[in-house]
Number of protein chains: 2
Amino acid sequence: MTITMYDLAGAEPNRRFSPFCWRARMALAHKGLAVETVPWGFTEKDKLPQPNAGRVPVIVDGSAVIHDSTTIADYLEEHYVDRPSLFGGDTGRALTRFVQNWTETVLQPGIIPLVVLDIHRHSRPQDQDYFRRSREERFGRTLEEVVRDREARLPAFRASLDPLRRTVERQEFLCGKAPAYADYIVFGAFQWARAISDFELLAADDPVKAWRRCMLDLHGALARSTPAYGD
Amino acid sequence: MTITMYDLAGAEPNRRFSPFCWRARMALAHKGLAVETVPWGFTEKDKLPQPNAGRVPVIVDGSAVIHDSTTIADYLEEHYVDRPSLFGGDTGRALTRFVQNWTETVLQPGIIPLVVLDIHRHSRPQDQDYFRRSREERFGRTLEEVVRDREARLPAFRASLDPLRRTVERQEFLCGKAPAYADYIVFGAFQWARAISDFELLAADDPVKAWRRCMLDLHGALARSTPAYGD
(Lines give C-alpha, C1' and ligand atoms only; values in the text may rest on other atoms or scores of the structure.)
Protein backbone atom coordinates (compact mmCIF):
# COMPACT_ATOMS: atom_id res chain seq x y z
CA MET A 1 0.00 0.00 0.00
CA THR A 2 1.22 3.44 -0.87
CA ILE A 3 2.35 5.68 1.99
CA THR A 4 1.22 9.31 1.92
CA MET A 5 3.68 11.98 2.97
CA TYR A 6 2.88 15.66 3.61
CA ASP A 7 5.83 17.57 2.18
CA LEU A 8 6.69 21.26 2.41
CA ALA A 9 6.31 22.95 -0.99
CA GLY A 10 7.31 26.33 -2.38
CA ALA A 11 5.49 28.64 -4.78
CA GLU A 12 5.65 25.84 -7.35
CA PRO A 13 4.05 22.72 -5.79
CA ASN A 14 6.93 20.51 -6.95
CA ARG A 15 9.62 22.64 -5.26
CA ARG A 16 10.23 20.63 -2.10
CA PHE A 17 12.72 22.15 0.29
CA SER A 18 12.27 21.03 3.87
CA PRO A 19 15.46 19.39 5.19
CA PHE A 20 13.35 17.25 7.50
CA CYS A 21 11.04 16.15 4.69
CA TRP A 22 14.06 15.19 2.59
CA ARG A 23 15.28 12.97 5.40
CA ALA A 24 11.93 11.15 5.38
CA ARG A 25 11.69 11.04 1.60
CA MET A 26 15.14 9.47 1.27
CA ALA A 27 14.42 7.05 4.12
CA LEU A 28 11.24 5.87 2.41
CA ALA A 29 13.19 5.35 -0.84
CA HIS A 30 15.95 3.53 1.06
CA LYS A 31 13.30 1.11 2.33
CA GLY A 32 11.94 0.75 -1.19
CA LEU A 33 8.49 1.96 -0.15
CA ALA A 34 6.04 3.58 -2.56
CA VAL A 35 5.06 7.07 -1.51
CA GLU A 36 2.66 9.72 -2.70
CA THR A 37 3.51 13.20 -1.51
CA VAL A 38 1.02 15.96 -0.75
CA PRO A 39 2.44 19.47 -1.21
CA TRP A 40 1.89 21.52 1.91
CA GLY A 41 2.43 25.18 2.86
CA PHE A 42 3.68 26.60 6.16
CA THR A 43 0.26 28.06 6.97
CA GLU A 44 -1.88 24.98 6.24
CA LYS A 45 -1.68 23.55 9.73
CA ASP A 46 -5.32 22.38 9.65
CA LYS A 47 -4.74 20.31 6.52
CA LEU A 48 -2.48 17.81 8.29
CA PRO A 49 -3.83 14.44 9.49
CA GLN A 50 -4.03 13.95 13.25
CA PRO A 51 -1.91 13.71 15.29
CA ASN A 52 0.70 16.24 14.18
CA ALA A 53 2.78 19.04 15.66
CA GLY A 54 1.89 21.61 13.02
CA ARG A 55 4.96 20.71 10.99
CA VAL A 56 5.95 18.32 8.23
CA PRO A 57 6.88 15.60 7.45
CA VAL A 58 3.80 13.66 8.46
CA ILE A 59 3.27 10.22 6.92
CA VAL A 60 0.15 8.10 6.72
CA ASP A 61 0.81 4.38 6.45
CA GLY A 62 -2.51 2.51 6.47
CA SER A 63 -4.13 3.47 9.75
CA ALA A 64 -0.91 4.87 11.25
CA VAL A 65 -0.14 8.60 11.24
CA ILE A 66 3.46 9.39 12.17
CA HIS A 67 5.00 12.84 12.45
CA ASP A 68 8.53 14.13 13.09
CA SER A 69 11.33 12.90 10.84
CA THR A 70 13.19 11.09 13.63
CA THR A 71 10.04 9.24 14.72
CA ILE A 72 9.34 8.38 11.08
CA ALA A 73 12.82 6.89 10.61
CA ASP A 74 12.44 4.81 13.76
CA TYR A 75 8.97 3.69 12.63
CA LEU A 76 10.22 2.64 9.21
CA GLU A 77 13.16 0.77 10.71
CA GLU A 78 10.89 -1.16 13.09
CA HIS A 79 7.98 -1.83 10.73
CA TYR A 80 10.02 -2.72 7.66
CA VAL A 81 12.79 -4.79 9.22
CA ASP A 82 13.20 -6.98 6.15
CA ARG A 83 14.14 -3.96 4.03
CA PRO A 84 17.62 -2.37 3.98
CA SER A 85 18.46 -0.96 7.40
CA LEU A 86 18.58 2.79 8.01
CA PHE A 87 20.94 2.45 10.97
CA GLY A 88 22.86 -0.83 10.75
CA GLY A 89 22.14 -1.77 14.36
CA ASP A 90 21.95 -0.12 17.77
CA THR A 91 25.41 1.46 17.73
CA GLY A 92 24.77 2.84 14.26
CA ARG A 93 21.46 4.28 15.43
CA ALA A 94 23.08 5.91 18.47
CA LEU A 95 25.88 7.42 16.38
CA THR A 96 23.36 8.62 13.82
CA ARG A 97 22.01 10.80 16.65
CA PHE A 98 25.40 12.45 16.95
CA VAL A 99 25.37 13.20 13.21
CA GLN A 100 21.84 14.56 13.61
CA ASN A 101 22.89 16.78 16.50
CA TRP A 102 25.86 18.06 14.51
CA THR A 103 23.51 18.78 11.61
CA GLU A 104 21.04 20.62 13.84
CA THR A 105 23.53 22.62 15.92
CA VAL A 106 26.23 23.34 13.32
CA LEU A 107 25.21 22.64 9.74
CA GLN A 108 21.62 23.90 9.57
CA PRO A 109 22.25 26.96 11.78
CA GLY A 110 25.22 27.67 9.50
CA ILE A 111 23.12 27.45 6.34
CA ILE A 112 20.07 29.43 7.38
CA PRO A 113 21.69 32.89 7.67
CA LEU A 114 23.10 32.36 4.18
CA VAL A 115 19.84 31.44 2.45
CA VAL A 116 16.92 32.61 4.57
CA LEU A 117 15.96 35.40 2.18
CA ASP A 118 15.89 32.88 -0.68
CA ILE A 119 13.48 30.67 1.28
CA HIS A 120 11.18 33.67 1.56
CA ARG A 121 11.49 34.34 -2.17
CA HIS A 122 10.52 30.75 -3.05
CA SER A 123 7.72 30.39 -0.55
CA ARG A 124 4.08 30.42 -1.64
CA PRO A 125 2.83 34.04 -1.76
CA GLN A 126 0.27 33.26 0.95
CA ASP A 127 3.08 31.91 3.22
CA GLN A 128 5.55 34.76 2.76
CA ASP A 129 4.20 37.06 5.46
CA TYR A 130 4.11 34.26 8.00
CA PHE A 131 7.63 33.19 7.07
CA ARG A 132 9.11 36.69 7.21
CA ARG A 133 7.42 37.59 10.50
CA SER A 134 8.34 34.36 12.31
CA ARG A 135 11.97 34.38 11.13
CA GLU A 136 12.60 38.07 11.67
CA GLU A 137 11.28 37.66 15.18
CA ARG A 138 13.72 34.79 15.72
CA PHE A 139 16.71 36.72 14.32
CA GLY A 140 15.72 40.13 15.65
CA ARG A 141 16.64 41.57 12.24
CA THR A 142 15.15 41.80 8.75
CA LEU A 143 15.84 38.87 6.42
CA GLU A 144 17.79 41.27 4.20
CA GLU A 145 20.06 42.15 7.12
CA VAL A 146 20.55 38.48 8.01
CA VAL A 147 21.92 37.55 4.59
CA ARG A 148 23.99 40.72 4.11
CA ASP A 149 27.73 39.97 3.78
CA ARG A 150 27.05 36.29 3.30
CA GLU A 151 30.03 36.08 0.94
CA ALA A 152 32.27 37.17 3.79
CA ARG A 153 30.81 34.49 6.06
CA LEU A 154 31.22 31.68 3.52
CA PRO A 155 34.81 30.69 4.47
CA ALA A 156 33.80 30.13 8.10
CA PHE A 157 30.80 28.10 7.00
CA ARG A 158 32.95 25.95 4.74
CA ALA A 159 35.48 25.43 7.54
CA SER A 160 32.67 24.22 9.79
CA LEU A 161 32.17 21.32 7.37
CA ASP A 162 35.60 19.84 8.18
CA PRO A 163 34.29 16.78 10.08
CA LEU A 164 32.01 15.92 7.16
CA ARG A 165 34.63 16.76 4.54
CA ARG A 166 37.33 14.62 6.09
CA THR A 167 34.91 11.70 6.39
CA VAL A 168 33.64 11.66 2.81
CA GLU A 169 37.18 12.25 1.58
CA ARG A 170 38.14 8.90 3.07
CA GLN A 171 35.02 6.78 2.53
CA GLU A 172 32.14 6.79 0.06
CA PHE A 173 29.38 7.75 2.45
CA LEU A 174 29.08 8.79 6.08
CA CYS A 175 27.64 5.33 6.70
CA GLY A 176 30.44 3.56 4.82
CA LYS A 177 30.29 1.87 1.43
CA ALA A 178 26.56 2.49 1.13
CA PRO A 179 24.41 5.40 2.29
CA ALA A 180 22.05 5.16 5.24
CA TYR A 181 20.06 7.48 7.44
CA ALA A 182 22.96 9.60 8.72
CA ASP A 183 23.75 10.46 5.09
CA TYR A 184 20.12 11.43 4.53
CA ILE A 185 20.13 13.72 7.57
CA VAL A 186 23.15 15.66 6.35
CA PHE A 187 22.00 15.58 2.76
CA GLY A 188 18.62 17.01 3.74
CA ALA A 189 20.34 20.21 4.82
CA PHE A 190 22.18 20.61 1.51
CA GLN A 191 19.10 19.69 -0.49
CA TRP A 192 17.11 22.33 1.38
CA ALA A 193 19.69 24.95 0.39
CA ARG A 194 19.96 23.96 -3.25
CA ALA A 195 16.17 23.76 -3.67
CA ILE A 196 15.72 27.42 -2.78
CA SER A 197 19.01 29.23 -3.28
CA ASP A 198 21.50 29.82 -6.07
CA PHE A 199 24.09 30.80 -3.47
CA GLU A 200 26.73 28.09 -3.84
CA LEU A 201 27.63 26.75 -0.43
CA LEU A 202 30.38 24.44 -1.69
CA ALA A 203 33.51 25.04 -3.75
CA ALA A 204 33.62 23.11 -7.02
CA ASP A 205 36.44 20.84 -5.82
CA ASP A 206 35.03 20.23 -2.34
CA PRO A 207 34.78 16.48 -1.53
CA VAL A 208 31.47 17.36 0.13
CA LYS A 209 30.20 18.43 -3.27
CA ALA A 210 31.24 15.09 -4.81
CA TRP A 211 29.41 13.29 -2.01
CA ARG A 212 26.33 15.48 -2.54
CA ARG A 213 26.38 14.56 -6.21
CA CYS A 214 26.37 10.85 -5.29
CA MET A 215 23.45 11.50 -2.95
CA LEU A 216 21.54 13.25 -5.75
CA ASP A 217 22.00 10.16 -7.93
CA LEU A 218 20.57 7.73 -5.36
CA HIS A 219 17.23 5.96 -5.66
CA GLY A 220 16.68 6.84 -9.31
CA ALA A 221 18.01 10.37 -8.84
CA LEU A 222 15.07 11.06 -6.54
CA ALA A 223 16.53 14.28 -5.15
CA ARG A 224 17.01 15.67 -8.66
CA SER A 225 13.23 15.56 -9.14
CA THR A 226 12.65 18.92 -7.44
CA PRO A 227 13.46 22.26 -9.08
CA ALA A 228 16.86 23.30 -7.67
CA TYR A 229 20.12 25.10 -8.30
CA GLY A 230 23.48 23.54 -9.06
CA ASP A 231 24.63 19.95 -9.17
CA MET B 1 49.23 -13.25 26.76
CA THR B 2 49.71 -9.72 27.97
CA ILE B 3 49.81 -6.99 25.36
CA THR B 4 52.46 -4.29 25.73
CA MET B 5 51.52 -0.70 25.00
CA TYR B 6 53.92 2.25 24.68
CA ASP B 7 52.16 5.15 26.34
CA LEU B 8 53.09 8.84 26.48
CA ALA B 9 54.13 9.83 30.01
CA GLY B 10 54.73 13.14 31.72
CA ALA B 11 57.34 14.14 34.28
CA GLU B 12 55.88 11.49 36.59
CA PRO B 13 55.91 8.16 34.71
CA ASN B 14 52.32 7.40 35.73
CA ARG B 15 50.94 10.66 34.32
CA ARG B 16 49.54 9.45 30.99
CA PHE B 17 48.08 12.18 28.83
CA SER B 18 48.05 11.31 25.14
CA PRO B 19 44.49 11.43 23.75
CA PHE B 20 45.43 8.78 21.20
CA CYS B 21 46.92 6.50 23.84
CA TRP B 22 43.76 6.84 25.92
CA ARG B 23 41.73 5.68 22.94
CA ALA B 24 43.86 2.55 22.71
CA ARG B 25 43.94 2.00 26.45
CA MET B 26 40.16 2.15 26.73
CA ALA B 27 39.74 -0.06 23.64
CA LEU B 28 42.00 -2.72 25.16
CA ALA B 29 39.97 -2.58 28.38
CA HIS B 30 36.71 -2.77 26.39
CA LYS B 31 37.99 -6.00 24.83
CA GLY B 32 38.96 -7.26 28.29
CA LEU B 33 42.60 -7.67 27.28
CA ALA B 34 45.46 -7.58 29.77
CA VAL B 35 47.97 -4.84 29.03
CA GLU B 36 51.28 -3.70 30.41
CA THR B 37 52.13 -0.12 29.56
CA VAL B 38 55.62 1.26 29.00
CA PRO B 39 55.96 4.97 29.80
CA TRP B 40 57.46 6.82 26.86
CA GLY B 41 58.66 10.38 26.26
CA PHE B 42 58.26 12.51 23.14
CA THR B 43 61.99 12.34 22.39
CA GLU B 44 62.48 8.57 22.78
CA LYS B 45 61.70 7.73 19.18
CA ASP B 46 64.42 5.03 19.06
CA LYS B 47 62.90 3.16 22.01
CA LEU B 48 59.78 2.13 20.09
CA PRO B 49 59.47 -1.34 18.56
CA GLN B 50 59.50 -1.50 14.75
CA PRO B 51 57.54 -0.58 12.74
CA ASN B 52 56.38 2.74 14.17
CA ALA B 53 55.81 6.30 12.99
CA GLY B 54 57.73 7.95 15.84
CA ARG B 55 54.56 8.35 17.86
CA VAL B 56 52.52 6.43 20.41
CA PRO B 57 50.44 4.38 20.94
CA VAL B 58 52.31 1.33 19.69
CA ILE B 59 51.18 -2.07 20.90
CA VAL B 60 52.97 -5.39 20.82
CA ASP B 61 50.68 -8.43 20.76
CA GLY B 62 52.78 -11.58 20.49
CA SER B 63 54.71 -11.17 17.26
CA ALA B 64 52.53 -8.33 15.97
CA VAL B 65 53.56 -4.67 16.35
CA ILE B 66 50.73 -2.24 15.58
CA HIS B 67 50.95 1.54 15.67
CA ASP B 68 48.42 4.34 15.24
CA SER B 69 45.32 4.34 17.42
CA THR B 70 42.89 3.83 14.52
CA THR B 71 44.87 0.86 13.20
CA ILE B 72 45.03 -0.55 16.73
CA ALA B 73 41.24 -0.32 17.13
CA ASP B 74 40.71 -2.04 13.79
CA TYR B 75 43.25 -4.72 14.73
CA LEU B 76 41.58 -5.40 18.08
CA GLU B 77 38.15 -5.59 16.48
CA GLU B 78 39.32 -8.09 13.87
CA HIS B 79 41.57 -10.23 16.09
CA TYR B 80 39.28 -10.37 19.09
CA VAL B 81 35.92 -10.81 17.41
CA ASP B 82 34.47 -12.85 20.26
CA ARG B 83 34.97 -9.94 22.68
CA PRO B 84 32.58 -6.93 22.96
CA SER B 85 32.57 -5.00 19.71
CA LEU B 86 34.18 -1.57 19.47
CA PHE B 87 32.01 -0.51 16.54
CA GLY B 88 28.79 -2.55 16.49
CA GLY B 89 29.09 -3.36 12.80
CA ASP B 90 30.10 -1.68 9.55
CA THR B 91 27.74 1.30 9.81
CA GLY B 92 28.85 1.89 13.38
CA ARG B 93 32.48 1.77 12.28
CA ALA B 94 31.87 4.23 9.45
CA LEU B 95 30.00 6.65 11.73
CA THR B 96 32.75 6.32 14.33
CA ARG B 97 35.00 7.91 11.69
CA PHE B 98 32.75 10.95 11.64
CA VAL B 99 33.03 11.23 15.42
CA GLN B 100 36.80 10.86 15.07
CA ASN B 101 36.94 13.58 12.43
CA TRP B 102 34.84 15.88 14.60
CA THR B 103 37.20 15.17 17.50
CA GLU B 104 40.29 15.88 15.41
CA THR B 105 39.02 18.99 13.57
CA VAL B 106 36.89 20.61 16.29
CA LEU B 107 37.40 19.19 19.77
CA GLN B 108 41.16 18.65 19.96
CA PRO B 109 42.06 21.86 18.07
CA GLY B 110 39.68 23.62 20.47
CA ILE B 111 41.38 22.17 23.55
CA ILE B 112 45.01 22.62 22.62
CA PRO B 113 45.16 26.45 22.69
CA LEU B 114 43.59 26.30 26.16
CA VAL B 115 46.04 23.83 27.72
CA VAL B 116 49.21 23.74 25.64
CA LEU B 117 51.30 25.53 28.26
CA ASP B 118 50.13 23.01 30.85
CA ILE B 119 51.32 20.14 28.64
CA HIS B 120 54.73 21.77 28.58
CA ARG B 121 54.68 22.14 32.36
CA HIS B 122 53.88 18.45 32.88
CA SER B 123 56.28 17.08 30.27
CA ARG B 124 59.49 15.34 31.27
CA PRO B 125 62.25 17.97 31.68
CA GLN B 126 64.21 16.37 28.85
CA ASP B 127 61.15 16.67 26.53
CA GLN B 128 60.26 20.28 27.33
CA ASP B 129 62.57 21.95 24.83
CA TYR B 130 61.39 19.67 22.02
CA PHE B 131 57.76 20.24 22.94
CA ARG B 132 58.06 24.01 23.19
CA ARG B 133 60.03 24.35 19.95
CA SER B 134 57.78 22.10 17.85
CA ARG B 135 54.53 23.65 19.13
CA GLU B 136 55.69 27.27 18.96
CA GLU B 137 56.74 26.61 15.38
CA ARG B 138 53.26 25.25 14.65
CA PHE B 139 51.47 28.19 16.31
CA GLY B 140 53.93 30.90 15.26
CA ARG B 141 53.71 32.25 18.83
CA THR B 142 55.07 31.43 22.26
CA LEU B 143 53.06 28.94 24.33
CA GLU B 144 52.40 31.75 26.83
CA GLU B 145 50.84 33.83 24.06
CA VAL B 146 48.75 30.91 22.85
CA VAL B 147 47.02 30.39 26.21
CA ARG B 148 46.63 34.09 27.04
CA ASP B 149 42.96 35.09 27.40
CA ARG B 150 41.85 31.50 27.50
CA GLU B 151 39.06 32.44 29.91
CA ALA B 152 37.63 34.70 27.23
CA ARG B 153 37.75 31.88 24.68
CA LEU B 154 36.05 29.34 26.95
CA PRO B 155 32.43 30.19 26.00
CA ALA B 156 33.14 29.57 22.30
CA PHE B 157 34.86 26.31 23.14
CA ARG B 158 31.92 25.17 25.24
CA ALA B 159 29.49 26.13 22.46
CA SER B 160 31.49 23.99 20.04
CA LEU B 161 30.56 20.96 22.16
CA ASP B 162 26.86 21.29 21.30
CA PRO B 163 26.66 18.18 19.08
CA LEU B 164 28.23 16.11 21.86
CA ARG B 165 26.24 17.79 24.61
CA ARG B 166 22.89 17.27 22.93
CA THR B 167 23.72 13.61 22.29
CA VAL B 168 24.75 12.67 25.83
CA GLU B 169 21.84 14.68 27.18
CA ARG B 170 19.49 12.29 25.41
CA GLN B 171 21.27 8.94 25.66
CA GLU B 172 23.77 7.40 28.07
CA PHE B 173 26.73 7.22 25.70
CA LEU B 174 27.56 8.35 22.18
CA CYS B 175 27.27 4.70 21.21
CA GLY B 176 23.93 4.22 22.98
CA LYS B 177 23.21 2.34 26.18
CA ALA B 178 26.81 1.17 26.45
CA PRO B 179 30.08 2.86 25.53
CA ALA B 180 32.13 1.86 22.53
CA TYR B 181 35.01 3.20 20.50
CA ALA B 182 33.42 6.53 19.49
CA ASP B 183 33.04 7.29 23.19
CA TYR B 184 36.69 6.46 23.77
CA ILE B 185 37.80 8.77 20.96
CA VAL B 186 35.97 11.75 22.43
CA PHE B 187 36.87 10.81 25.97
CA GLY B 188 40.56 10.64 25.04
CA ALA B 189 40.52 14.36 24.31
CA PHE B 190 39.00 15.24 27.68
CA GLN B 191 41.26 12.84 29.52
CA TRP B 192 44.28 14.43 27.86
CA ALA B 193 43.16 17.83 29.14
CA ARG B 194 42.39 16.74 32.68
CA ALA B 195 45.66 14.80 32.99
CA ILE B 196 47.75 17.91 32.44
CA SER B 197 45.64 20.97 33.18
CA ASP B 198 43.65 22.34 36.07
CA PHE B 199 41.83 24.65 33.64
CA GLU B 200 38.24 23.41 33.84
CA LEU B 201 36.89 22.97 30.33
CA LEU B 202 33.37 22.06 31.43
CA ALA B 203 30.83 23.82 33.60
CA ALA B 204 29.77 21.87 36.68
CA ASP B 205 26.26 21.25 35.34
CA ASP B 206 27.29 20.39 31.78
CA PRO B 207 25.83 17.04 30.63
CA VAL B 208 29.22 16.47 28.98
CA LYS B 209 30.76 16.51 32.43
CA ALA B 210 28.26 13.90 33.67
CA TRP B 211 29.14 11.73 30.67
CA ARG B 212 32.87 12.23 31.33
CA ARG B 213 32.32 11.08 34.90
CA CYS B 214 30.66 7.88 33.63
CA MET B 215 33.61 7.35 31.31
CA LEU B 216 36.03 7.75 34.21
CA ASP B 217 34.17 5.02 36.10
CA LEU B 218 34.39 2.46 33.28
CA HIS B 219 36.55 -0.65 33.33
CA GLY B 220 37.37 -0.48 37.03
CA ALA B 221 37.81 3.31 36.93
CA LEU B 222 40.78 2.79 34.63
CA ALA B 223 40.98 6.43 33.59
CA ARG B 224 41.12 7.54 37.22
CA SER B 225 44.42 5.69 37.60
CA THR B 226 46.50 8.55 36.21
CA PRO B 227 47.25 11.74 38.17
CA ALA B 228 44.75 14.31 36.95
CA TYR B 229 42.66 17.34 37.83
CA GLY B 230 38.93 17.42 38.49
CA ASP B 231 36.27 14.77 38.30
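How far apart are the end C-alpha atoms of helix H8 (residues 181-196) of chain B, and what should its 16 residues span? The end atoms lie 23 Å apart; at 1.5 Å a residue the helix should span 22 Å, which agrees. The expected span is 1.5 Å times one less than the number of residues. Helices here are DSSP runs (H or I, at least four residues), numbered from the N terminus. H8(B) bends by about 25 degrees at B:Phe187, the bend being the angle between axes fitted to the seven residues ending there and the seven starting there. In H8(B), 16 of 16 residues are buried (under 20% relative accessible area; exposed is over 50%, partly exposed in between; 1.4 Å probe, protein chains only).

The model is predicted: local features need pLDDT of at least 70 and side-chain atom pairs 80 or more, while totals for chains, interfaces and linings use all residues. Residues are numbered from 1 along each chain, chains are lettered from A and ligands numbered from 1 in the order written, and side-chain values use heavy atoms, without hydrogens and water.

B:Arg165 pairs with B:Asp206 at 2.8 Å, N to O. This bridge links helix H7 (residues 162-170) of chain B to the loop between H8 and helix H9 (207-221), 41 residues apart. B:Arg165 is buried at 15% relative accessible area, and B:Asp206 is buried at 6%. In chain A, A:Glu44, A:Lys47, A:Arg124 and A:Asp127 form a salt-bridge network.

Notes: Helix = DSSP H or I, 4+ residues; strand = E, 2+ residues; numbered from the N terminus. Salt bridge = Lys/Arg side-chain N within 4 Å of Asp/Glu carboxyl O.
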